[in-house]
Amino acid sequence: MALARKFPLYMIALLLLIFTGYPFLYMLSTSLKSQGDFFEKPFSLFSSFEFANYASVFEMGVSRYFLNSIMVSVVAVVIVMFIAALASYPLSRMNFKFNRPLFLLFIAGMMLPIHATLIPVFKLSQSMGIYDTLWALLGPYIAFSLPISIFILTQFMQEIPKSLEEAAKIDGCTHFGIFWRVMLPMLTPALMTVFIYNFLHLWNEFIFALVLISSPENRTIPLGLQDFYGEFSVNIPGLMAALTLFSLPVLVAYLFSQEKVVKGLAGGSVKG
Amino acid sequence: MDVQTESVEIVQKKEITKAKKAARNKNIFTVSLFIAPALFVYLLYVVYPIFATFNYSLYNWDGTTVGTFVGLGNYTALFNDAIFWTALKNNVWVIATSVFVQIPLGLIMALMLFAPIRGIRLFNTVYFLPFLMSTVAVGMLWILMFDPINGIINVLVNSLGFENVSWLSDENVAMFAVLLVVVWQFSPFYMILFKSAIVGIPEELYEAAQIDGANPWQKFRSITIPLLMPTIVSSSILAIVGSLKAFDIFYIMTGGGPNGATELMGTYMFKQAFVNFNMGYASAIAFLMFFIALIVTIIIQVIESRRKRVGGYE
């Protein structure tokens, strides 16, 4: 009786599970198939374990893309964390004339379509002589990560009790001292959110990379994947191996610290 | 004596205002030091480009030589450009799908995580997976699954006794196919928003309803939905604004084709700028995208503040 009543619930849950999960299962199991198996047994799951596909992906030199993506994302995110925290301190805790307009100016960036900045950023990188280098990505990556980061950090800083700051002031701390010794240590959870959110977004960022990078050796992972599509167009299991390999770091991070990743990704949007 | 105290008072007052002024100046100085690095990067890469885009949009320009000034010519050309109108219409489709399919599906997924069934942990983990994959990877995976001959979806369609469908190269179904992928990728995001909102609903409300003899549907309708209204509203805002910016998945899966069937403002702008090198024309499209996003944001803000003034969501 109870089971019959719950049957529709299980049906919905299962359908959703297939809808969200099956493409991953298909990707993983196809990446381990031989060409022949792929054509003959399209639905079979894990019928063979052909690691040669992965080997051929490595032969194409994926490490370069990984390295580029890691470098540019990590450097951009670390700079964002620092300068967004700096800016959030007066924006959330000090009275000055242009506080509100400045805050709104930063936050408005969340609504902005990237396309509206694309051509000038492209021209700018050319005139600065950094077009087609990883440096060209750094500026727009930092700038477009600022709105959400400042939003998260100001929300968080507003909750920190004023008394802490006053105590530090009496002890003779300067504003920078308060920021460095009192605020920053308390910001750790918010900075964690900022880090995860921006890192994942930059790791997957596509359009700036597409416009600002042209040489193969400077490509990030999303651009590199496109390359593979051209190279492997007939070798579908090989392509699936590349997709699996490139998605793996984020998936593994998620499976190991699910709560943190989810919280980080929803960071700016979830306020309760 | 009177005179003396008065003058002393004046001097003191002057000193106080001076000290205040100095403090204020110092304050402004500190504030600027804190904000300067972020503001500099933001002005250079976000604010300045918007003005530059508008400026470029007034020229006929290939991106390298000096352009010719055409005033608002690019905009009038744009209003007579059938492809632009198709792109705009397709953007509206993306918005509609996001609001009326993604958000309800996200809500259903979130509700399943609170259903009295087994396996919640598994559902919780798997439902979120699509949102973790990069858009390029998502696009390529689904291109392969939509493949007209070997794609798993057509294999399934065949085994059910139907004809093959050219999912991404048939004008009539391409938009539907890409939108399905958009739903797949982004519903988990709304699931997370709803999940954290549902956690925040006080259990006592349901207990009270239970005592009053409410059935599950009544509880859902008169407790869950009203209390989730703020989340539904903010999700819709995110969905609308996000849909106006849509680009990646469409660029990767169809490039706006076949025959413009999935063209968006974003893909059309990119094509004009970096394929045809009509930088002036592309800037006009880009500026219109900015302008539409601005108008939508203002409308949302006005509605929000009015709603807040009236109070409540019902």
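Predicted model: local features only at pLDDT ≥ 70, side-chain atom pairs only at ≥ 80, totals over all residues.
## Where chain A meets chain B

Let's turn to the place where the two chains touch. Here 66 residues of chain A are in contact with 70 residues of chain B. On the chain A side, the most comes from helix 1 (residues 2-31), which gives 13 residues. By class, the residues on that side of chain A are 52 nonpolar, 13 polar and one charged.

## A pair of helices in chain B

Now for a look inside chain B, at helix 7 (residues 174-199) and helix 9 (residues 216-244). Their axes come within 9 Å and cross at roughly 160°. Angles over 145 degrees count as roughly antiparallel, and helix 7 and helix 9 of chain B are therefore roughly antiparallel to each other. The crossing in which helix 7 of chain B passes helix 9 of chain B is right-handed.

Which residues meet in this pair? From helix 7 of chain B come B:Y190, B:L193, B:F194 and B:A197, and they meet B:L228, B:T231 and B:S235 of helix 9. Sorted by class, this contact between helix 7 and helix 9 of chain B has five nonpolar and two polar residues, with no charged residues.

Key
Residues numbered from 1 in each chain as written. Chains lettered and ligands numbered in written order. Contact = placed C-beta atoms within 7 Å. Helix = DSSP H or I, 4+ residues; strand = E, 2+ residues; numbered from the N terminus. Nonpolar A, V, L, I, M, F, W, Y, C, P; charged D, E, K, R; others polar. Axes fitted to C-alpha atoms, helices over the stretch in contact; angles between N-to-C directions. Parallel < 35°, antiparallel > 145°, perpendicular 65-115°, else oblique. Left-handed = near helix turned anticlockwise from the far one by under 90°.
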